[in-house]
Amino acid sequence: MTSAPSSTPRYGGRPEPLGAEFAGQTVAVIGAGSGIGAATAALLADRGARVACVDLNSPAVARTAAALPNALALTADVTAPDTVDAAFDAAVQAGGQLHAVVNCAGVQGELGVPSHEVDLGRFEAAVRTNLLGALVVTRAAVTRMLPHGYGRIAHVASIAGKEGNPNMVAYSASKAGVIGMVKAQGKEYARTGITVNALAPAVIRTPFLDSQPDEVVRYMTAKIPMGRTGTLPEAASMLAFMVSSACAFTTGFCFDLSGGRATY
Ligand SMILES: NC(=O)c1ccc[n+]([C@@H]2O[C@H](COP(=O)([O-])OP(=O)(O)OC[C@H]3O[C@@H](n4cnc5c(N)ncnc54)[C@H](O)[C@@H]3O)[C@@H](O)[C@H]2O)c1
């Protein structure tokens, strides 16, 4: 039973040409109803993947999937393991194998509040989605990838998890947890053909950003040496590389997407 997309000659062959490197692969994108997840689902579909679009928001994920060739719309909540299992089972049923998972599900949690005033219930809710949800996703993905000896898992963390954003403690702490989680999991599965990595974006321009006050956007942009926010195609392109067969010798790593802000 060989399930990797291509075999590797002794000294490596040519990389897959960009364009159809996901042909024959099934990729689940969680958080596909909006923003980075929707953009990544579209790029993966353009590159030949059968995309299982997964989100808590059923109408939104239905809209994403309806615009793509060969896509499924599935509703799941990353804090409810049974729903993630059911979504991945549906993806496997459609495609025979789950080759890759991109986890973009995330919430900001309470904003603008210093730690001594944080509502503990809201803190816990954000950590449940961002961190426990990421663990739920890895578990469900790995279980289905191990028998095939191949898999790619990418979680979207944040620069907030590396640097800590003041007055965003739930977000910063939960995203730091995601970075620590993939470092552990990369080592756990290093000999299985499964890679687990994270992405740490700085600010990416989404409709959410457009709803923020100008001074907030200016403050966040001022920290970025390139002097601009990132774009959805830039985020999607990085995630597509991270879950491609070409990204084979990197695991337990946190990729940067910060316009030069993070140099580590
Ligand atoms: N946009 C940015 O500037 C930025 C920067 C750094 C990190 N991130 C991270 O990137 C990811 C995507 O961000 P975005 O800007 O596209 O956000 P978004 O709000 O546009 O999309 C997030 C999606 O996740 C879904 N979701 C939320 N909770 C869920 C749950 N429990 N189960 C399943 N789906 C759930 C939402 O319904 C939504 O469709 C998030 O993890 C976010 O923290 C975003």
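# Sheet, helix packing and selected residues

Phenylalanine 255 is buried, at a relative accessible area of 10%. The model described here is predicted.

Phenylalanine 255 belongs to strand E7. Leaving aside residues up to four places away in sequence, Phenylalanine 255 touches Asn197, Ala198, Leu199, Ala200, Met238, Phe241, Met242, Cys247 and Thr250. Between the C-alpha atoms of phenylalanine 255 and proline 81 there are 26 Å, and the two residues are 174 residues apart along the chain.

## The sheet

Strand E7 is part of an open sheet of seven strands, ordered E3-E2-E1-E4-E5-E6-E7, with parallel pairing. The edges are formed by strand E3 (71-75) and strand E7 (254-257), each of which pairs on one side only. From one strand to the next, the twist averages 20 degrees.

Two of the pairings can be given in detail. Strand E1 (residues 26-30) pairs with E2 in the parallel sense over five bridges. In this pair, threonine 26 stands opposite arginine 50 in E2. Five of the six residues of E2 are buried, so E2 is largely enclosed by the rest of the structure. Strand E4 (residues 100-103) and strand E5 (residues 151-156) run parallel and are joined by four bridges. Here valine 101 has isoleucine 153 of E5 opposite.

Helices also lie on the sheet. Helix H9 (residues 232-242) packs on it, touching E4, E5, strand E6 (194-201) and E7, and the direction of H9 makes about 160 degrees with that of E7. Helix H2 (residues 58-66) lies across strand E2 (50-55) and E3, and runs at about 175 degrees to E3.

## Helix pairs

Two packed helices are described by the angle between their axes and the distance between the axes. The table gives these values for two pairs.

| Helix pair | Angle | Distance between axes |
|---|---|---|
| H4 (residues 120-145) and H6 (residues 169-188) | about 20 degrees | 8 Å |
| H1 (residues 35-46) and H9 | about 60 degrees | 8 Å |

The angle of about 20 degrees between H4 and H6 makes H4 roughly parallel to H6, because angles under 35 degrees count as roughly parallel. The crossing of these two helices, H4 and H6, is right-handed. On the H4 side, the contact involves Phe123, Ala126, Val127, Asn130, Leu131, Ala134, Leu135 and Thr138. These residues meet Val169, Ala170, Tyr171, Ala173, Ser174, Lys175, Gly177, Val178, Met181 and Gln185 in H6. Sorted by class, the contact of H4 with H6 has 12 nonpolar, five polar and one charged residues.

The angle of about 60 degrees between H1 and H9 makes H1 oblique to H9. H1 passes H9 in a crossing that is right-handed. From H1, the residues Gly35, Ile36, Ala39, Thr40, Leu43 and Leu44 meet Leu232, Ala235, Ala236, Ser237, Leu239 and Ala240 in H9.

Serine 172 is in helix H6. With a relative accessibility of 8%, serine 172 counts as buried, because the limit for that class is under 20%. Apart from residues up to four places away in sequence, serine 172 touches Ala160, Gly161, Gly164 and Asn165.

Asparagine 167 is found in the loop between helix H5 (159-163) and H6. Its phi is near 65 degrees, a positive value in a residue other than glycine. The relative accessible area of asparagine 167 is 36%, so this residue is partly exposed.

Asparagine 70 has a positive phi of about 60 degrees, although this residue is not a glycine. Asparagine 70 sits in the loop between H2 and E3.

Methods. Residues numbered from 1 in each chain as written. Predicted model: local features only at pLDDT ≥ 70, side-chain atom pairs only at ≥ 80, totals over all residues. Heavy atoms only, no water. Axes fitted to C-alpha atoms, helices over the stretch in contact; angles between N-to-C directions. Parallel < 35°, antiparallel > 145°, perpendicular 65-115°, else oblique. Left-handed = near helix turned anticlockwise from the far one by under 90°. Contact = heavy atoms within 4.5 Å. Nonpolar A, V, L, I, M, F, W, Y, C, P; charged D, E, K, R; others polar. Pairing = 2+ DSSP bridges. Buried < 20%, exposed > 50% of the residue type's maximum accessible area, 1.4 Å probe, protein only.
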